[in-house]
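Let's take a friendly walk through a protein model, one piece at a time. Have the sequence and the 3D view ready.

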Amino acid sequence: MPLPLWHNSAWMKAARREPTDVTPVWLMRQAGRYQPEYRAIREKVGFLKLCKTPSLGAEIMLRAVEQLGVDAAIVFSDLLLILEPMGLQLEFDEGAGPVIRNPIRAAADVDRLEELDRLDQLDYVMETVRLTRAGLDESLPLLGFAGAPFTLASYAIEGGASRDHRRTKCFMLDEPAAFDALMGRLARAVARYLAGQLAAGAQAVQLFDSWAGCLAPDDYRRAVLPHTQAAIRAIGSDAPVVHFATGNPALLPLMAAAGGDVIGVDWRIDLDDAWRTIGHDRAIQGNLDPAVLLSSPDEIRRRVHDILDRAQSRPGHIFNLGHGVLPQTPVENAVALVDAVHELSRR
Ligand code: CP3
């Protein structure tokens, strides 16, 4: 049987560190509030409802991929949905973002978090995977995703956005056994969830550890790394895994030790420094500051040129922002970025 076209796409080749004609590019939050079409849908449909309506989620992502000309799609969903079947009550507050009504605040609360043994309550995510894959150009890969155990634990404990992650850190320090049990339960859930998305038709997955950057390296090494490592190993697939975190370049070698074929880096470190630290035996994803997209197409081009220079055409670079697209981003600047990456990297 011939290999599907996505197998030799620029994105998949780069994830395997094979040479490509152009540097592949996609954007975290490439479907979202910066798009007028997305905002129009959101005037009628709440965010969680949108995530639970696979036909709409697939349509939103397919439209973004087409509009931008990016080299990969990502499932339209949210990081926190996995917590619902585990027993947490998730709501989306139009002002404050996601909120958990019954957060984990005491060691005993960890026991009421259910093991995610089955994925049937997340079947709508699998349906979004299937529909997005069915509508996507065969030459492009579809990425699944999940939150990494620490970022999920942090949300489960804080109950919402937090600047200092104070409750999470206190829990980690004062209740080490319960914290470890929580992380273990989340790691198993994440592995099952990602394996499910791959089985439903995704070609690769990204693990978002968006909040791990708040940790001191030694705390990450001790309390987080073993669980992220276990989650990545337990996916049990050859599909590429992107391991992404933000906010703390000192964690990069530890993230690489935890695993991932591709390490996702933010803009707080130069790409060449980051790659040296991670090791050239891994692929790298990143790392333009999303704020640059609020500037001019000329400035965007200059910054793209700089990042490509630092990558030195070494196989294994996937271009992305260092974090998600900001809602204030002009759509034409996002398009200008994708065009600039393709044009300036052509070999
Ligand atoms: O286009 C894509 O990248 C795919 C979809 C996607 C969303 N969330 C949609 C979304 C992905 C991959 C995520 C991941 C996610 N969700 C993360 C990790 C990435 C990151 O940004 O660090 C986190 C921490 C979440 C949890 C979450 N969801 C927060 C904190 C918020 C509110 C903050 C914000 O930007 O509004 C969301 C909402 C969210 N997730 C939106 C979208 C399109 C905006 C919802 C809306 O108002 O319409």
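What follows is a short tour of the sheet, the helices beside it and some side-chain contacts.

This is a predicted model, in which local features need pLDDT of at least 70, side-chain atom pairs count only at pLDDT 80 or more, and totals for chains, interfaces and linings use all residues. Residues are numbered from 1 along each chain as its sequence is written, and side-chain values use heavy atoms, leaving out hydrogens and water.

**The sheet**

Helices (H or I, at least four residues) and strands (E, at least two) are DSSP runs, numbered from the N terminus. Two strands pair if DSSP finds at least two bridges between them. Here, 7 strands make an open sheet with parallel pairing, in the order E1-E4-E5-E6-E7-E8-E9. Strand E1 (73–74) and strand E9 (317–321) stand at the edges with a single partner strand each, so one side of each has no neighbour in the sheet.

Now look at strand E6 (residues 241–245), which runs parallel to strand E7 (residues 262–264) and is joined to E7 by 3 bridges. Val242 has Val262 as its bridge partner in E7. E5 and E6 also pair in the parallel sense, over 5 bridges, and the partner of Val205 in E6 is Val241.

How many of the residues of E6 are buried? Buried means under 20% relative accessible area, exposed over 50%, and partly exposed in between (1.4 Å probe, protein chains only). In E6, 5 of the 5 residues are buried, so the strand is largely enclosed by the rest of the structure. In a regular strand the side chains alternate between the two faces of the sheet. In E6, Val241, His243 and Ala245 point one way, while Val242 and Phe244 point the other way.

**The helices**

Contact means heavy atoms within 4.5 Å. Axes are lines fitted to C-alpha atoms, for helices over the stretch in contact, and angles run from 0 to 180 degrees between N-to-C directions. Helix H10 (residues 217–235) lies across strand E5 (204–209) and E6, at about 165° to E5. Helix H13 (residues 297–311) lies across strand E8 (283–288) and E9, at about 150° to E9.

In the loop between E5 and H10 you will find Ser210. Ser210 counts as buried, because its relative accessibility is 15%. Leaving aside residues up to four places away in sequence, Ser210 touches Thr151, Phe244, Thr246 and His323.

**Aromatic rings**

Rings of Phe, Tyr and Trp (its six-membered ring) pair if their centres lie within 6.5 Å; planes under 30 degrees apart count as stacked, over 60 as edge-to-face and the rest as tilted.

| Pair | Centre to centre | Angle between planes | Type |
|---|---|---|---|
| Phe47 and Phe92 | 4.7 Å | 50° | tilted |
| Phe208 and Phe244 | 5.7 Å | 80° | edge-to-face |

Phe47 in helix H3 (residues 47–51) and Phe92 in strand E2 (residues 90–93) are 45 residues apart, so to speak linking distant parts of the chain. Phe47 is buried, at 11% relative accessible area, whereas Phe92 is partly exposed, at 28%. Phe208 in strand E5 and Phe244 in strand E6 are 36 residues apart, and both are buried. Ring pairs also link Tyr38, Phe47, Phe76 and Phe92 into a cluster.
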